[in-house]
Amino acid sequence: MDVIVNNTPSLTGTIDALSSKNYTTRYLLVAALAEGTSTIYYPAHSEDSDAMRRCIQDLGAVLVEDDEKITITGFGSTPRPTGELNVGNAGAVLRFLMGIAALGEEITFVNTYPESLGKRPHQDLIDALEQLGAEVDHQEGRLPITIRGGKPQGGVIRVSGSVSSQYLSALLFLTPLLPQDSTIEVLHDLKSKVVIGQTLEVLEQAGIVIHASDDYMSFKVPGSQKYQPANYTVQGDYPGSAAILAAAAVTDSDVTVTRLMEKSKQGERAIIDVLKMMNVPLTHENNVVHVQGTGKLTAVEFDGDAATDAVLAMVAAAVFAEGTSRFYNVENLRYKECDRITDYLHELSKAGARVEERQAEIIVHGRPEGVEGGVEINAHYDHRVIMALTVVGLRAKEPLRIKDAHHVAKSYPGYFDHLQALGANVEWV
């Protein structure tokens, strides 16, 4: 389905932030890896988190869910034999479970999104799993991927972090279950380093001990550990909320978003700091963000590596800022559901924004007067692109039609419902 975004001068109201996709998928996984029953309160419901639910059930976990919680009886270190796993379009779910597949006899990850996840690379993780003795059949590092694990023992594992931190997270979930101690050495650079902090936080809550260097470039993991059943509460999601906050910033607004922890380890929390740097009037107290937007913003420069999933929303706000903004150290945006630099900027340009790309930078020449709009734009099946383009549409002089906007459900199924509740003039067609 497409969505039409009409010019919306003002937004008003209060919404609860959706639950964090990143934390939900991690809690689901550690609960499945425990022997016993865990409870997760306020789990996210999105295509990604639902993919993890589906896959851990296929691997032998037992799930019982009601409105506010899910209980999971795990399979421990022995996933049930299964022929195929379908992770949908969820890259993190695929990579985390590729690690766990090394514990099984043979698992094939199928390719159901050839134009999105099917194009994304996984070679660095494949190389690391082969160091542990797994046999991997693949298509030049891409789906479909078959993993024959056998009985990995542990030892020294080297993995590149230059494309994605998800490869490292996959190894951090796997190695505590191996019989011998492991040392993980990260090669080159480590992208999205802050997300590793989230993985380590969840592992610690699950009773796992990992000794990490201060720079997260090396890890010592004791072997023969067991995941402990536990109770977890999922915090509010900054990546999804970033687009709501950006929408409030570029309009005349009085918008409140609750359930956003001040001390969260989510790197996308930086959306608060960036909007403040852009002179957006807002407060953040007692896990509540209150934006009283005027639609008037100033340009900013920002290192986006620590806040990858909020950068597109920041760029959308910068489209209407006075001056030239620069978002740098963001090359890993190119390796997401689409190329979030080239593809996104192409659509922004069609809508009337003035933007430039470098290999690892996005440059935005602000247009405080607004953009023309009046075009159909392609979101490339990417939930973050859909949300960010919607923000731009609120300040377009003529309506924007965003194709296939239903793919926003990958992370934020209620996004357009929340915008409409705040007064945004958006409609499905």
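**Fold, nonpolar cores and local geometry of the predicted model**

Of the 429 residues of the protein chain, 60% count as buried, where buried denotes a relative accessible area under 20%, exposed over 50% and partly exposed the range in between (1.4 Å probe, protein chains only). The structure is a predicted model, in which local features require pLDDT of at least 70 and side-chain atom pairs count only at pLDDT 80 or more, while totals for chains, interfaces and linings use all residues. Residues are numbered from 1 along each chain as its sequence is written, and side-chain values use heavy atoms, with hydrogens and water left out.

The C-alpha trace spans about 60 × 40 × 40 Å along its principal axes. With contact defined as heavy atoms within 4.5 Å, 75% of the contacts between residues at least 6 apart in sequence join residues at least 24 apart.

The protein chain exposes about 15400 Å², of which carbon and sulfur atoms supply 46%; accessible areas come from the Shrake-Rupley method with a 1.4 Å probe, and for residues only the protein chains shown count as cover. There are 37 positive and 56 negative side chains, and the centres of the two sets lie 2 Å apart. Lys and Arg count as positive and Asp and Glu as negative, without His and the chain ends, and each charge is placed at NZ of Lys, CZ of Arg, CG of Asp or CD of Glu.

In soluble globular proteins, nonpolar side chains tend to be buried together. A nonpolar core is here a set of buried Ala, Val, Leu, Ile, Met, Phe, Trp, Tyr and Cys residues joined through side-chain atoms within 4.5 Å. The largest nonpolar core holds 81 residues, among which Met 278, Phe 327, Tyr 344, Leu 348 and Tyr 415 touch the most other members. Helix H7 (residues 238-249) gives the most to this core, with nine residues. Apart from it lies another core, of 75 residues, including Leu 33, Met 52, Leu 97 and Leu 117.

Leu 312, Val 315 and Ala 316 are among the buried residues of helix H9, a helix in which eight of eight residues are buried. H9 (311-318) is also one of the elements against which the buried residues of H8 pack, together with H7, strand S16 (282-285), strand S17 (288-291) and strand S19 (301-303). The buried residues of H8 (residues 270-277) are Ala 270, Ile 271, Ile 272, Val 274 and Leu 275. Lys 276, also found in H8, is partly exposed at 42% relative accessibility. The C-alpha atoms of Lys 276 and Ser 411, 135 residues apart in sequence, are 25 Å apart in space. H8 is followed by Asn 279, whose phi is positive, near 70°.

Most residues other than glycine have a negative phi, and most peptide bonds are trans. Ser 192, in the loop between strand S11 (182-190) and H6, has a positive phi of about 50° and counts as buried at 7% relative accessibility. Ser 224 likewise has a positive phi, near 55°; this residue is found in the loop between strand S13 (218-221) and strand S14 (231-233) and is exposed, with a relative accessible area of 52%. The peptide bond from Leu 143 to Pro 144 is cis, with omega near -5°, and Pro 144 lies in strand S9 (residues 142-148).

Glu 201, located in helix H6 (residues 193-205), is partly exposed with a relative accessible area of 22%. Beyond residues up to four places away in sequence, Glu 201 touches Tyr 23 and Lys 265. Glu 201 and Arg 26 are 175 residues apart in sequence and 10.0 Å apart in space, C-alpha to C-alpha.

Notes. Helices (H or I, at least four residues) and strands (E, at least two) are DSSP runs, numbered from the N terminus.
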